[in-house]
Amino acid sequence: MAQPSPHTLRGAETNFYAEAAEQQFDVTMFGQQVHIVATPFQYTWNYGDGTVFGPQPSMGGPLPQDRWGEKTRTSHAYGATGDFQVVLTTTFQGTYSVNAGPPLPIPGQGQFSAPPQTISVWRSLTRNYADDCNANPEGQGCPGAAR
């Protein structure tokens, strides 16, 4: 997830966060009941502009709208405009138990990438003008000025 999305501004912090949760599966293998638990524990963001953050343990979190643009542990500020494909890869570790026995660790880890999310990075321009639009409606920056 990204805030703001799907558009953000060049140079502004865009907050990215995951919504990953523990996964549980029950399967029958060779006539045995197997219970599998996969727990997310690391996250890697590829921000699509050549910047990769992770693997690291924080999945981040949403910000209230009035705080968008703040730097967070998982935020990123784009240096260029354009459309970027952001990909989150979540790493899971797991346990299994056979016939309701004790949980045993599954050797290794599993990595799963979410589908790419497109972020459009725009630029904004701010200009200050000294003209008084009431006194000079045609002044630079005034609504009646020639463009």
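**Close-up views of a predicted model**

**View 1. Residue Q3 in strand β1.** Q3 is found in strand β1, where strands (E, at least two residues) and helices (H or I, at least four residues) are DSSP runs numbered from the N terminus. The structure is a predicted model, in which local features need pLDDT of at least 70, side-chain atom pairs count only at pLDDT 80 or more, and totals for chains, interfaces and linings use all residues. Residues are numbered from 1 along each chain as its sequence is written, and side-chain values use heavy atoms, with hydrogens and water left out. With a relative accessible area of 8%, Q3 is buried; buried means under 20% relative accessible area, exposed over 50%, and partly exposed in between, for a 1.4 Å probe and protein chains only. A polar atom of the Q3 side chain lies 2.8 Å from the backbone nitrogen of L63. Leaving aside neighbours within four places in sequence, Q3 is in contact (heavy atoms within 4.5 Å) with E13, T14, N15, Y17, G61, P62, L63 and W68.

**View 2. The open sheet that contains β1.** Three strands form an open sheet in the order β1-β3-β7, with antiparallel pairing; two strands pair if DSSP finds at least two bridges between them. Strands β1 (2–3) and β7 (76–77) stand at the edges with a single partner strand each, so one side of each has no neighbour in the sheet. Between β1 and the antiparallel strand β3 (residues 13–16) there are 2 bridges. A2 stands opposite F16 in β3.

**View 3. Aromatic pairs.** The structure holds 4 aromatic pairs. Rings of Phe, Tyr and Trp (its six-membered ring) pair if their centres lie within 6.5 Å; planes under 30 degrees apart count as stacked, over 60 as edge-to-face and the rest as tilted. The ring centres of F16 and Y47 are 5.1 Å apart and their planes stand at 50 degrees, so this pair is tilted. F16 lies in strand β3 and Y47 in the loop between β5 (32–46) and β6 (52–56), so the pair ties together parts that are 31 residues apart in sequence. F16 counts as buried at 1% relative accessibility, and Y47 counts as buried at 1%. Y78 and F84 form a stacked pair, at 4.9 Å centre to centre and 25 degrees between the planes. Both Y78 and F84 are buried.

View 4. The largest nonpolar core has 12 residues in all: A2, F16, A18, Y43, W45, Y47, Y78, F84, V86, L88, I119 and V121. Such a core is a set of buried Ala, Val, Leu, Ile, Met, Phe, Trp, Tyr and Cys residues joined through side-chain atoms within 4.5 Å. At least two residues of this core come from each of β5, β8 (82–98) and β11 (117–122). Strand β8 gives the most, with 3 residues. Not counting residues up to four places away in sequence, Y78 touches T8, R10, G11, A12, F16, Y47, D49, F84, V86, I119 and V121.

**View 5. The disulfide between C133 and C142.** A search of the whole structure finds 1 disulfide, defined as a pair of cysteine sulfur atoms within 2.5 Å. This disulfide joins C133 to C142, with an S to S distance of 2.0 Å. The torsion about the S-S bond is about -95 degrees, so the disulfide is left-handed. C133 is partly exposed, at 29% relative accessible area, whereas C142 is buried, at 4%.

Methods: Polar contact = N/O pair within 3.5 Å; in protein donor to acceptor, adjacent residues only side chain to side chain.
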